[in-house]
Amino acid sequence: MKFVIQCVNHASVEVDNKIIGKIGHGFLILFGVCETDTEDMLQKYVDKIIKLRVFPDENGKTNLSLTDVGGELLIVSQFTLYADCRKGNRPSFVHAGDPAHAEMLYNRFVDLCRKQVPVVETGCFKAHMKVNLENNGPFTIVLDSRDF
């Protein structure tokens, strides 16, 4: 799994010119699945993400978590996180997970997040989406299951 986590002041996602997910202060998470990812890995990432101390405290130090600041989540599936650009100029997506498997993991990740975060919005799996955000910092972190 790959997660691109962006601290945002606000973010939204739209499909067919209709906003389907919108948050205020929190994280926009782009979520990708590869063929070797399993459901057993998900809770570890939920815990890691909501406990990341990346929001500033009263002294301006990145010391507060999503929970500490009452942050919200917008989770958007993105298989293109597994683009392989090593050969030629057209990316290959052979390492991206099978769509059915990826959708199951995406939905399970969202469900686990909803158990711990009061506001969790989503994109639409396999849809062409427009994502709008105001990045705060900017502060962006990438988590990759191959690194854990």
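How many nonpolar, polar and charged residues are in the lining of the largest pocket?

## Largest pocket

By class, the lining of the largest pocket holds eleven nonpolar residues, six polar residues and one charged residue. The model is a predicted one, and its largest pocket has a volume of about 360 Å³.

The lining is made up of 18 residues. Those lying nearest the pocket centre are S77, Q78, F79, K126 and M129. Three elements, β3 (26-32), β6 (72-77) and α2 (99-114), each supply at least two lining residues. The most is given by β3, which contributes three residues to the lining.

## E14

E14 belongs to strand β1, which covers residues 2-15. The residue is buried, yet E14 has no salt bridge. The nearest side chain of opposite charge is that of K130, 4.5 Å away.

Leaving aside neighbours within four places in sequence, the contacts of E14 are I19, I20, H128, M129, K130 and N132. One of these contacts, M129, is also among the residues nearest the centre of the largest pocket.

D16 has phi near 50°, a positive value in a residue other than glycine. This residue is in the loop between β1 and β2 (18-23). D16 counts as exposed because its relative accessibility is 72%, and the cut-off for that class is over 50%.

K126 also has a positive phi, near 70°, and is likewise a residue other than glycine. The loop between β7 (120-122) and β8 contains K126. With a relative accessibility of 68%, K126 therefore counts as exposed. K126 is one of the residues that lie nearest the centre of the largest pocket.

The peptide bond joining G137 and P138 is cis, with omega of about -10°. P138 is placed in strand β8, which runs over residues 130-144. The loop that holds K126 lies between β7 and this strand, β8.

Methods:
Residues numbered from 1 in each chain as written. Predicted model: local features only at pLDDT ≥ 70, side-chain atom pairs only at ≥ 80, totals over all residues. Heavy atoms only, no water. Helix = DSSP H or I, 4+ residues; strand = E, 2+ residues; numbered from the N terminus. Buried < 20%, exposed > 50% of the residue type's maximum accessible area, 1.4 Å probe, protein only. Lys, Arg positive; Asp, Glu negative; His and termini not counted. Salt bridge = Lys/Arg side-chain N within 4 Å of Asp/Glu carboxyl O. Contact = heavy atoms within 4.5 Å. 1 Å grid on protein atoms, 1.4 Å probe; cavity = no way out; pocket = protein on both sides within 12 Å on 5 of 7 lines; lining within 4 Å. Points joined across faces, edges and corners; volume = space filled by probe spheres on them. Nonpolar A, V, L, I, M, F, W, Y, C, P; charged D, E, K, R; others polar.
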